[in-house]
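Here are some exercises to work through with the model open beside you. Try each task before reading its solution.

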Amino acid sequence: MNLLTSWLFDPTNWSGTGGIPQRLVEHLWYTALALAIAIVIGFPLGALVGHTKRGGFVLVGAANVLRALPTVGVLTLVVLLAGIGLVPPIAALTLLAIPPIMAGAYAGIQAVEPVVVDAARGVGMTEREVLFQVEIPNAMPLIFGGVRSAALQVVATATIAAYVGLGGLGRYVFDGLALHDYPQMAGGAILVAVLAVLVELVLTGVQRLVVSPGLRPVRTSGGTQR
Amino acid sequence: MTWVFDHLGLLGDLTVTHVYLSVLPVVLGLIIAIPLGWAASRWRPARAFLLTVSGLLYTIPSLALIVILPAIISTKTLDPVNVIITLTVYTIALLVRSIADALSAVPPTIVAAATAIGYRPFKRFLGVEFPLAIPVVVAGLRVAMVSNISLVSVGALIGIAGYGQLFTNGFQLQFVTEIVTGIVATLLLALVADLVLQLIGRLVTPWTRVGR
């Protein structure tokens, strides 16, 4: 076990340039940026298709192709085309995050009880009001499930940004590999794993806050998981 | 395209490795997940425990697990076994839930009818309950298969063979064709694997198409 912890608990690794706090902030910055862009692109698309009930087949097909896209391939390709910088990893991570967000928004809104939507139209709501005040709040468990799943994949995969010369916790994995320094590699890997679990816990908490209490009893015994 | 035709041998080798590293974990994962899913569908405490553990395991990033495993089970750092175990763990984590849910969804009347005509619990599971759960299991397997195929490429970053090598090599040589070939090959493999699984799913559940 010393192999796993000797580097991790060495205080000199916890401060200064290239220290764990700095790498952690970089890692979270890539994650947040990619996730934000993916939400801006994926959520409206999924919501629109879910609301109009048109093009669902195309959307699900597109999401599946994107899901099968190898992130490492996209990353290296964009580096060769656009050069080293923030663009390649963010592009690759955004493509990774779009499918679950888009599919979650689509599935959630599409599955809102037609009776509820009809009632909303019946009391005189405009289409915009139906979408924002009825469909989106009712679809929140699935929408948020998609975002959570995307966040988890992005925080795990942001590790590979270091492969093309950027920072983040992946730095330790690839530096350790290059230097044949296993404790450093393992330390980086453990940090990424702990971060992923923490992100999952925080988002589970946030989900409780954003999902209307009125929807809670509807949850089946297993809850919304991937 | 000339590069592709000049390197068909290499592509063939990488395809074999990639298929082996992504399919074997799915098979192993299915074999292990069936009894676990069965246990989770039978006993509430087992369900709570198994689903919590699978959720947690599924949260751990693949690259991290591949790197940490050698220290836990004393394998070599670049041993493909680390990839196989990691992907098997993910497959189990994914399938336990779907198998448990599918088995719980079998109507009690059907189970009661099977018991009434003389099925013992074990034969009833193999002959009645599990077959009815197959469509959901196949759906789970398809997700596991596609995600395994794309995760094997991640292993290339720390030196494990497969299509991922086309990415790392193409990156080092600044050779776009090789990377594009790798991406297309991965997408094709995912597509073929998905079609094969759907086909197997149809073949083993002929009753779903009767009486339409």
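Predicted model: local features only at pLDDT ≥ 70, side-chain atom pairs only at ≥ 80, totals over all residues.

**Exercise 1.** Find where A:Glu26 and A:Arg23 lie and describe how they pair.

*Solution.* Start with the helix: both residues belong to helix H2 (residues 20-52) of chain A, where they sit three residues apart, about one turn of the helix. Helices here are DSSP runs of H or I with at least four residues, numbered from the N terminus. Next, check the side chains: A:Glu26 and A:Arg23 form a salt bridge with the closest N and O atoms 3.0 Å apart. The rule asks for a side-chain nitrogen of Lys or Arg within 4 Å of a carboxyl oxygen of Asp or Glu. Finally, look at accessibility: A:Glu26 is buried at 18%, and A:Arg23 is buried at 14%. Buried means under 20% relative accessible area, exposed over 50%, and partly exposed in between (1.4 Å probe, protein chains only).

Residues are numbered from 1 along each chain as its sequence is written, chains are lettered from A and ligands numbered from 1 in the order written, and side-chain values use heavy atoms, without hydrogens and water.

**Exercise 2.** Work out which helices of chain B are tied together by the pair B:Asp194 and B:Arg142.

*Solution.* First, the distance: the closest N and O atoms of this salt bridge are 2.8 Å apart. Then the location: B:Asp194 lies in helix H9 (residues 176-203) and B:Arg142 in helix H7 (residues 121-155), so the pair links parts 52 residues apart in sequence.

**Exercise 3.** Describe the contact between chain A and chain B.

*Solution.* Begin with the residues: with contact meaning heavy atoms within 4.5 Å, chain A gives 37 and chain B gives 35. The side of chain A divides into 29 nonpolar, six polar and two charged residues. In this scheme Ala, Val, Leu, Ile, Met, Phe, Trp, Tyr, Cys and Pro are nonpolar, Asp, Glu, Lys and Arg charged, and the others, Gly among them, polar. Now the area: about 3,100 Å² is buried, with carbon and sulfur atoms giving 82%. That is the accessible area (1.4 Å probe) that two parts lose on being put together, summed over both. To finish, count the salt bridges between chain A and chain B: zero.

Notes
Helix = DSSP H or I, 4+ residues; strand = E, 2+ residues; numbered from the N terminus.
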